[in-house]
Amino acid sequence: MTATAANPETETVDLYDHEWKHPTVVAGVPWKNPVGTASGTFQYAAVRWFYDVSQLGAVTTKGVSPVPWEGNPGVRTAEGPASNINAVGLQNPGVDHYLVDDLPKLKKIGANVVANVAGHCDDDYAEVVAKLADSPADMLEINVSCPNVSGGLSVGADPVALDRLITRLRRMTDKPLIVKLTPNVTDITVPARAAVEAGADALSLINTVVGMRINTRTGKPIIDHVTGGVSGPAVLPIGLARVWQVRTALPDIPIIGLGGIDTGEKALEYLYAGANAVEVGAAALFDPVAPLRVACELDDLLDDRPELAAKLAEGKTWR
Amino acid sequence: MTADTFIPTATEERLAHGRAVVDAAVSHGFFPPRHTVEIADVIELDAGVIRLTIRDPYIAAHGRPAQFVDFFTHDPLKPMPRPFGISEIQDDLVSFIFAVVGKGTGELAGLKAGDVIDVMGPLGHAFDTKKPANYVLVAGGLGVPPLIHAAQHIAGDENSESTAVFGYRKNHFADEYVDRYADRTYSIDESEGNVVTLLDRIENELHDGDLPPVILSCGPLPMMKAVASWAAKRDMPCQLSLEQRMGCGYGTCVLCTTDTVNGRLKVCADGPVFTREQLGWE
């Protein structure tokens, strides 16, 4: 596997003293490199033992809801071919806890923080955005694409509902609003356009792809929630195609590309597809330092691509 | 490869890379991420039950009883870690015991001494064995590794003793390993009963010395609930090492949870050891 910590051909050992050469800009916010963490795979309390997360372009934290959520009971995960399937159900200690715990800790170490906002309904999202509007979070990401909670996916797949929600949230904050889109739709450019017309400053895509596994001994689904979200190397081509389609439809909107990235070279594919930046998600389940390693590898790959690096530095994209 | 070449083999290169990954992390004050190590030994203890030993100075120096290590197969189609409990540590060798339950564990069982494998650890919280006690090590089936390691750890503590109480389906495959360290070893298989049968039988002996009995347990969920219940009736302290399908193993993905009196906690990073009281088991 190309993405292990064990492949000397493709990998940098010295992750800890890297001098960043190629920054990017996403919706007016400078990132020291074009690589961040993907929401849902990042818990500061777990990751902080492995590397200095302020070295990343951005840290996108796990979705926060107005009140603590317990998430789904029982078995939440299964393995798929070159993938992980998860049905966490956005377990989180709530926005009030986030405001006094993770967020101040991340800002204190100098991280560029994207706060991911979760909800079951419009009022949930509004309550969280109201509390984050005056916080030190650098950007807000509205998660309208979680396949594992009630109301999570329906807004992101319905352009009318999405327009209503983003229009409402837009009036509540001047912070850059990123809308995270689901690939579980026929034409992703429809919700993408709806989000942008309602005032989104940037789009992030893709969230996980709905999937499941069945235990052939019992004949029953492995995950108690039955279906979950597929992520990992298997979804790379899906994410790339979605970014390409949205970039073709919307030439100017900043895009954060994600899905299946576990090397600098795969991150580069997303930048050539038209992304301004990328995020690393499931790869962090297979190696905690994956986001930092991807950032180091990409930074070196951009040395040989000055035209692309120059566009990113100005907040522009390849396509 | 010819005998007169000085070109390092792919295996040697990967092991050197693995050591460099650990050294770079440690020298910067961080925990080592996933890295490549050498397989030192693989033996089959029973049908489908494997004892695998790796050479890893970092894990050997830091691993404690009930801590586990993420193993990664060589197959890119199977990227998820396989978490295995540490069963013994000798110098820089770390042993594990696991069952072949699918294709991933099957691949790991097929490794040989001299092969390489990616690992990360040690992960999770250990049993608390600081208090002088007669630690009663109650294991069922593939729950044996942390309790063999606990016996080894307690053998090095002159203030405590250990009594192993192991239950098997059929073959008593781990007795010879725990017997090296435990002060007393009792075991039972399904033809005679289960670990609770055994606990009932030896209950008086647990109170023979001056040391208070403290239960440490690992095994299938129904067994651990029965052990917790046995302990609760006697007001005996009881620490349980849980198992759950995991994602990352280090606390970032929140895929392996268990319900506790303090809400839904992560088995990998908040556990795997919880007290009976934390779990609310009576």
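How many residues does the contact take from chain A and from chain B? The contact takes 38 residues from chain A and 35 residues from chain B, where two residues are in contact if their C-beta atoms, placed from the backbone, lie within 7 Å. On the side of chain A that touches chain B, the elements giving two or more residues are helix H1 (44-47), strand S5 (77-80), strand S6 (83-86) and helix H10 (283-286) of chain A. Helices (H or I, at least four residues) and strands (E, at least two) are DSSP runs, numbered from the N terminus. By class, the residues on this side of chain A are 24 nonpolar, nine polar and five charged; Ala, Val, Leu, Ile, Met, Phe, Trp, Tyr, Cys and Pro count as nonpolar, Asp, Glu, Lys and Arg as charged, and the others, Gly among them, as polar.

This is a predicted model, in which local features need pLDDT of at least 70 and side-chain atom pairs count only at pLDDT 80 or more, while totals for chains, interfaces and linings use all residues. Residues are numbered from 1 along each chain as its sequence is written, and chains are lettered from A and ligands numbered from 1 in the order in which they are written.

S5(A) and S6(A) belong to an open sheet of four strands with antiparallel pairing, in the order S5-S6-S14-S11 (chain A). S5 and strand S11 (209-211) of chain A are at the edges with a single partner strand each, so one side of each has no neighbour in the sheet. Four bridges join S5(A) to S6(A), and strands pair if DSSP finds at least two bridges between them. Within this pair, A:Glu79 is opposite A:Asn84 in S6(A).

In chain B, helix H1 (residues 10-27) has 18 residues and reaches 25 Å from its first C-alpha to its last, close to the 26 Å expected at 1.5 Å a residue; the expected span is 1.5 Å times one less than the number of residues. B:Arg14, B:His17, B:Gly18, B:Val21, B:Val22, B:Ala24 and B:Ala25 of H1(B) are buried. They lie on the same side of H1(B) because they cover an arc of only 165° around the axis, taken from the directions from the helix axis to the C-beta atoms. A residue is buried if 20 or more other C-beta atoms lie within 10 Å of its own, exposed if 12 or fewer, and partly exposed in between. On the other side of H1(B), B:Glu12, B:Val26 and B:Ser27 are exposed.
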